[in-house]
Amino acid sequence: MSDWGMQKAALNERLAAGRRLAAGKVVPIPKLPEFLKAVLRTGDRVCLEGDNQKQADILASALADLEPADVSDLHMVQSGVVLPAHLDVFEKGIARRLDFSYSGPQSARIARMLFGRRIELGAVHTYLELFARYFIDLTPNVALIAAVSADKDGNLYTGPNTEDTPTVVEATSYKNGLVVAQVTEIVDKVPRVDIPGDLVHFVVEAGKPFYVEPLFTRDPAAITETQILTAMLAIKGIYAPYGVRRLNHGIGFNTAAIELLLPTYGERLGLKGKICTHFALNPHPTLIPAIESGWVEQVHCFGSEVGMEDYVAARPDIFFTGPDGSLRSNRAFCQTAGLYACDMFIGSTLQIDLEGHSSTVTTNRIAGFGGAPNMGSDPRGRRHPSEPWLKAGAEAAPETAAALRRGRKLVVQIGETFGDRNVPLFVERLDALELARELNLDLAPVMVYSDDVTHIVTEEGIANLLLCRNKDEREQAIRGVAGYTDIGRARDPKMLEQLRQRGVITRPEDLGIDPLDADRRLLAARSIKDLMLASGALYRPPSRFRNW
Amino acid sequence: MTAATANRSSLSWYEASARQRLEALVDAGSFNEFIGPELREMSPHLSIFDLPEQFDDGIVIGRGRLDGQPVLVAAQEGRFMGGAFGEVHGAKLTGLLRAARRLKQDVLILFDTGGVRLQEANAGELAIAEIMRAVIEARRPGVRVIGLIGGRAGCYGGGSLIAGTCSTLIVSEQGRISVSGPEVIETNKGIEEFDSRDRAFVWRTMGGKHRYLLGGADIFVDDEASAFRHAAIQALKSKGRCDLGLLEAEQQRLERRLQRFGEASDAVGIWQAIGVDNSEEIPGLPTREFLRRAADKREHAHDAR
Amino acid sequence: MEKLSFKLNAPTSAGGTRALAIVGVVASGNLEVLLERTSPANVCTIDIATAAHGFGAVWEAVVRDFVARRAAGGLRISINDGGARPDTVALRLAQGVRLIEEREA
């Protein structure tokens, strides 16, 4: 007998066990615990969605309710460690090993559990990197996924928050794995087929929508004058001279300020049509004014954003929507787009050292990587030219012959010199190094490496690291925008003056910007309500953002 | 599509500081501050708690002109200690109101307060009582005391009690008026009774639109300094009256209100009861449409102020 | 509260005629700055009451830069600080000078 059908045989066994508790593909909620015991095997590699935004919360709770006697030693492979249940499974001994990408909401607890050796860590990845391994060496045996609705044949509608699901199902189902979906409801006909029923083995009707958080909403009321100043510097000092049309904004108040300055400050500078026309971006509410005033041609989304569904559906010329009219997001493709089809990434971080490495890890919080290292890296496999890419490449390697000189993606770190609770952004030594030592990691968790970052923008100005010729210049350029932090105050003023002459350091006044001009009245919308009005009342902000 | 331009001339009342509101409210250049920051009349208590002080103790008082007419003004700074009343803060307002009675000048109070400072509780509560008395004593001979409510801190606790003694209240959608705050209600009565994180619910219960519909506020305006100014000018055109008859009418108004609406669990039910069409749409309506729908349906003060 | 005091040479005097100006609010991450035109023309005194302890060196750096870059002569500056960042402090000081130099109505 051939050994080549072992996985298929194993799948059939799970299917048989599961079908005893199901009516066709549908597993009733009361039978869920027994069902999971029947279809899971000790040592399984399980992908529990676990996306950046949506969570298969019913399935996660049911998994966490099992006992180690039922199933143990699971290897969890998931994008996001978001719900308490995602860590409860380790606490209880049901799961042993973890490979993941993002753990923002659980950053404190996961740090404690890793230090306490309650979790065996495979590795922390970027989203795209983890997806890639789903197809090579981290292929799930079982995928527990979240969808909006299903029909009785298992065709799934994942809707605006499609996110990781097609990727997870592709890797699992086509490699003899079992796919179980939680859905809000089972319907006669799904609005559109995001996942074909052939690939889905069982469906659980949760009776309520899956858990999802508004992660990408930034209240314009909270944007400070300093953040507006950094936004003005970025627009005039980087977006304009490089002509950045295709880009990704990491989430944060600085980038939210940039989005809200386009229709006003950007307009005044005559930049419409010349910058910010194509985005790899979630549907940020703060992008609404720019879209409405004609700045944006197209946006591809990683996921959705709570409250933006109707607005997106009403703008099919801008967003990707299905025949049913609702958003179709796709994290794997959007991450790929951000990597290869964008000329700039700009985002914030918690710590930057003197070489330019940046990290969001602190000694008691591990948030993982998410998509930033992917977006914030120079894709050496890129071949097609663009103006910003070539210009950056020329700045980085002026001696190289043009025809052999690859371009560079602009990777910009933007932030205030002092962050929350007046903690300095610039440090001598990243906390990430301490973490690596404690957990015996091969690598310190660095978000953006020094050889990828091209610019740093603070309220003090812009450091163009592409123009630095050696380590000393790089260090002084970083000190030169580090303001009144210890790092900044230890600068060499003479060297800084030279760097400024060469344009390595640009101060606001060099761009004709007076910090006093950074006024909240420059924002195209100053409140969540303004955003709602700008959308023609299509944007429905979640309750927590309302003041009316 | 909406055009987005830098808003140079408009000033959001909600966002503005106390001083910015005053500057936008009174006639240009007419404001004169009493007991200004350079006199450094600060709280004598905050240093005991190692808390920072503000030179004006969080309230700016003085005189100005409103459309040519002399007025006395007081503006609370909602971002300093939540705009809460302390000894000096309260005394400044008490003194202003006593001056109003002496001078027979109308008063505009720009409320933005969470109530009384915990650190100065006794002095603060006393101040609230003194201020309420001073309002009534000023109103008796016909002085108008007009409250303007639309800031971040709302008008809570003792501040709302003072607002209850004013002759006219001008409120914006963002403004909130209530004695107890959302968190306090939730803590004491449970989350089923009041979920303080359901902000839409908070605004339906305490916010400007509801207060206006319920007759608890008299003029409803946009979140715009120019709108507040215009409303204040209008408010000064009405006659000021404060006698026993008025207080009795106010008592009756409140008793009737409780009788008619006391059982409602949500403001939408009250709006329905008073005959507003499609009342669930009220929170989302822009000002003009809101006023149109409210026009002949809203509860009035009926000479009860 | 920590109290700090600086008396510095200020090469440029503040223009205008206003006797005083005030900017900012005492709140978390914010500060108020009171400017009075009561110092000698080429002197600037800055008195600070701050909730955040141990940042004397940073205040000194900010204040020295301010006096070197802006027209601060003749001013007595008093600050109540609620734990603002240095860039916010620099901004308020600059806003204060701009306000005191504004033409009187």
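A: Let's begin with a term: strands (E, at least two residues) and helices (H or I, at least four residues) are DSSP runs, numbered from the N terminus. Two strands pair if DSSP finds at least two bridges between them. This is a predicted model, in which local features need pLDDT of at least 70, side-chain atom pairs count only at pLDDT 80 or more, and totals for chains, interfaces and linings use all residues. Residues are numbered from 1 along each chain as its sequence is written, while chains are lettered from A and ligands numbered from 1 in the order in which they are written.

Now to the sheet itself. In chain A, 8 strands form an open sheet with mixed pairing, in the order β14-β13-β12-β15-β18-β19-β20-β21. At its edges stand β14 (298-300) and β21 (505-506) of chain A, each with a single partner strand, so one side of each has no neighbour in the sheet.

Look next at β18 (residues 410-414) and β19 (residues 455-458) of chain A: these strands run parallel and are joined by 3 bridges. Here Gln413(A) stands opposite Ile456(A) of β19(A).

A helix joins the picture too. Helix α9 (residues 253-268) of chain A packs on the sheet, where it touches β12 (246-249), β15 (344-347) and β18 of chain A. The direction of α9 makes about 135° with that of β12(A); axes are lines fitted to C-alpha atoms, for helices over the stretch in contact, and angles run from 0 to 180 degrees between N-to-C directions. Contact between two residues requires their C-beta atoms, placed from the backbone, to lie within 7 Å.
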